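Reader: Can you walk me through this one? Keep it short.

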Amino acid sequence: IDSGATIFKIQVDPSNSQIVYASTNKGLYKSSTGGASWQKMPGLPHSNLRGLAIDYANTGTIYVTLWPLGEEGGGTAQNGVYKSTDGGNTWTTKNSGLRLSGNYNEIVFDPKNPNILYTGDYSYQGVAVYRSTDGGNTWTPLTSTSNVELVYRPYPNFWTGSTIVVVPSNPKVIYVADSNLFKTKDGGVTWQSVGWRDWWFVGL
């Protein structure tokens with residue numbers, strides 16, 4: 001891995017613990033030796049990655065999210081969600097329904113249905129979370145100022161999908177964190193702010 005890289009996500013292949021992926025601001029790296037050695041994977045339009053998820057039902061399928069080449073703002077058609085079905089060798093854009101100017105920081109699976117994914121937009125534009133029910137082919141916004149109860153911090157545009165966690169025992173329960181911690185109990189129909197702090201939550 002590039003010595004100047006920042007690692008954002010590490011995922012281990014659930015069917016083979018020797019295969020490990022790391023998303024960084026210098027590209028996607030893959031190890032087939034349990035992390036002893038790494039190779040940079042080809043095919044993505046640029047190297048500024050954030051989100052990373054392995055399909056637990058078909059571990060050759062991988063999703064990543066790309067940020068703008070600059071750290072903040074200025075999204076283009078090269079950003080968003082990308083999918084590989086051959087272990088990271090080739091990639092397909094999966095941005096239908098997503099804002100091209102978004103900064104997609106996170107991507108996670110529904111733990112009971114691998115065709116359902118969630119991605120989070122970090123760019124403070126009102127929609128923080130999108131859902132796909134067809135393996136990333138299309139995306140639908142789950143959050144807006146109309147379905148979010150902003151209890152602790154009433155700034156309707158000041159929340160993002162920085163971190164997303166789907167509860168394994170009940171996938172209708174989802175937590176989303178930035179400076180607020182949001183929760184839905186009905187699969188994203190309604191949301192409630194359940195806590196906030198003066199700076200961002202960095203993980204859940």
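Author: The overall make-up comes up first, then a few single residues. This is a predicted model: local features need pLDDT of at least 70, side-chain atom pairs count only at pLDDT 80 or more, and totals for chains, interfaces and linings use all residues. Residues are numbered from 1 along each chain as its sequence is written, and side-chain values use heavy atoms, with hydrogens and water left out.

Reader: How many helices and strands does the chain have?

Author: The chain has 0 helices and 17 strands. Both are DSSP runs, numbered from the N terminus: helices are H or I, at least four residues, and strands are E, at least two.

Reader: What percentage of the residues is buried?

Author: Of the 204 residues, 50% are buried. Buried means under 20% relative accessible area, exposed over 50%, partly exposed in between (1.4 Å probe, protein chains only).

Reader: Where is D13?

Author: D13 sits in the loop between β1 (7-12) and β2 (20-24). D13 is buried but has no salt bridge. That would take a side-chain nitrogen of Lys or Arg within 4 Å of a carboxyl oxygen of Asp or Glu.

Reader: Which side chain of opposite charge is nearest to D13?

Author: K30, at 7.0 Å. Lys and Arg count as positive, Asp and Glu as negative; His and the chain ends are not counted.

Reader: Which side chain makes a polar contact with D13?

Author: The side chain of T59, at 3.4 Å. A polar contact is a pair of N or O atoms within 3.5 Å; within protein, one must be able to donate a hydrogen and the other to accept it, and residues adjacent in sequence count only if both atoms are side-chain atoms. Leaving aside neighbours within four places in sequence, D13 is in contact (heavy atoms within 4.5 Å) with I19, I54 and T59.

Reader: Switching to A22. Buried or exposed?

Author: A22 counts as buried because its relative accessibility is 0%. A22 belongs to strand β2. Not counting residues up to four places away in sequence, A22 touches several residues, including W38 and L52.

Reader: How far is A22 from I10?

Author: Their C-alpha atoms are 4.5 Å apart, with the two residues 12 apart along the chain.

Reader: And D86, where is that?

Author: D86 lies in the loop between β7 (80-84) and β8 (92-93). D86 is partly exposed, at 32% relative accessible area. Its side chain makes a polar contact of 2.8 Å with the side chain of S84.
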